[in-house]
Amino acid sequence: MRTISHHYSHGEGIGLDCELEYDPGQTADEINPPFPPAAYLISAKVAGVDILPLLSPGTVQAIEEAAAWAQS
């Protein structure tokens with residue numbers, strides 16, 4: 001895994017500067033099944049203030065999916 005930065009634009013013109021742990025996933029081989037890339041949100045900052053504890057689970061999931069998609 002590696003740490004990535006991602007800017008997420010939340011609906012009302014609010015931009016979140018996010019840090020995530022990114023796992024690029026793996027392709028299938030003879031022993032292991034495939035798994036897709038994934039990103040895990042570490043922080044989401046507005047004007048330098050981390051608001052991660054205030055985000056809904058749906059928003060966290062949307063940020064993680066957008067960041068993983070942007071990396072692939």
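## Ground rules

Contact here means heavy atoms within 4.5 Å. This is a predicted model, in which local features need pLDDT of at least 70 and side-chain atom pairs count only at pLDDT 80 or more, while totals for chains, interfaces and linings use all residues. Residues are numbered from 1 along each chain as its sequence is written, and side-chain values use heavy atoms, with hydrogens and water left out.

## The overall picture

Let's start with the whole protein. It has one helix and four strands, arranged along the sequence as β-β-β-β-α. Helices (H or I, at least four residues) and strands (E, at least two) are DSSP runs, numbered from the N terminus. Along the principal axes, the C-alpha atoms fill a box of roughly 45 × 20 × 20 Å.

Of the 72 residues, 28% are buried; buried means under 20% relative accessible area, exposed over 50%, and partly exposed in between, with a 1.4 Å probe and protein chains only. The protein exposes about 4,800 Å², and carbon and sulfur atoms supply 57% of that area. Accessible areas come from the Shrake-Rupley method with a 1.4 Å probe, and for residues only the protein chains shown count as cover. Among contacts with a separation of 6 or more, 36% are between residues 24 or more positions apart.

## The sheet and its helix

The four strands form an open sheet in the order β1-β2-β3-β4, with antiparallel pairing. Strands β1 (2-10) and β4 stand at the edges with a single partner strand each, so one side of each has no neighbour in the sheet. Helix α1 (residues 57-71) packs on the sheet and touches β1, β2 and β3, its direction making about 120° with that of β1. Those axes are lines fitted to C-alpha atoms, for helices over the stretch in contact, and angles run from 0 to 180 degrees between N-to-C directions.

Two strands pair if DSSP finds at least two bridges between them. Nine bridges join β1 to β2, and in this pairing His6 stands opposite Cys18 in β2. Strand β2 (residues 14-23) pairs with β3 over seven bridges, where Tyr22 stands opposite Ala39 in β3. Two bridges link β3 to β4 (residues 49-50), with Val46 opposite Val49 in β4. The hairpin of β3 and β4 has two residues between the strands, and Ala47 there takes a positive phi near 50°.

## Two buried strand residues

Ile4 sits in strand β1 and counts as buried because its relative accessibility is 5%. Its contacts, leaving out residues up to four places away in sequence, are Cys18, Glu19, Leu20, Tyr22, Ala67 and Gln71. Ile4 and Tyr22 are 18 residues apart along the chain, yet their C-alpha atoms are separated by 6.5 Å.

Ser43 belongs to strand β3 (residues 38-46). With a relative accessible area of 7%, Ser43 is buried too. Again leaving out residues up to four places away in sequence, Ser43 touches Asp17, Cys18, Glu19, Asp50 and Leu52.

## An exposed loop residue

Pro53 lies in the loop between β4 and α1. At a relative accessible area of 71%, Pro53 is exposed. Pro53 and Ile63 are 10 residues apart in sequence, and the C-alpha to C-alpha distance is 14 Å.
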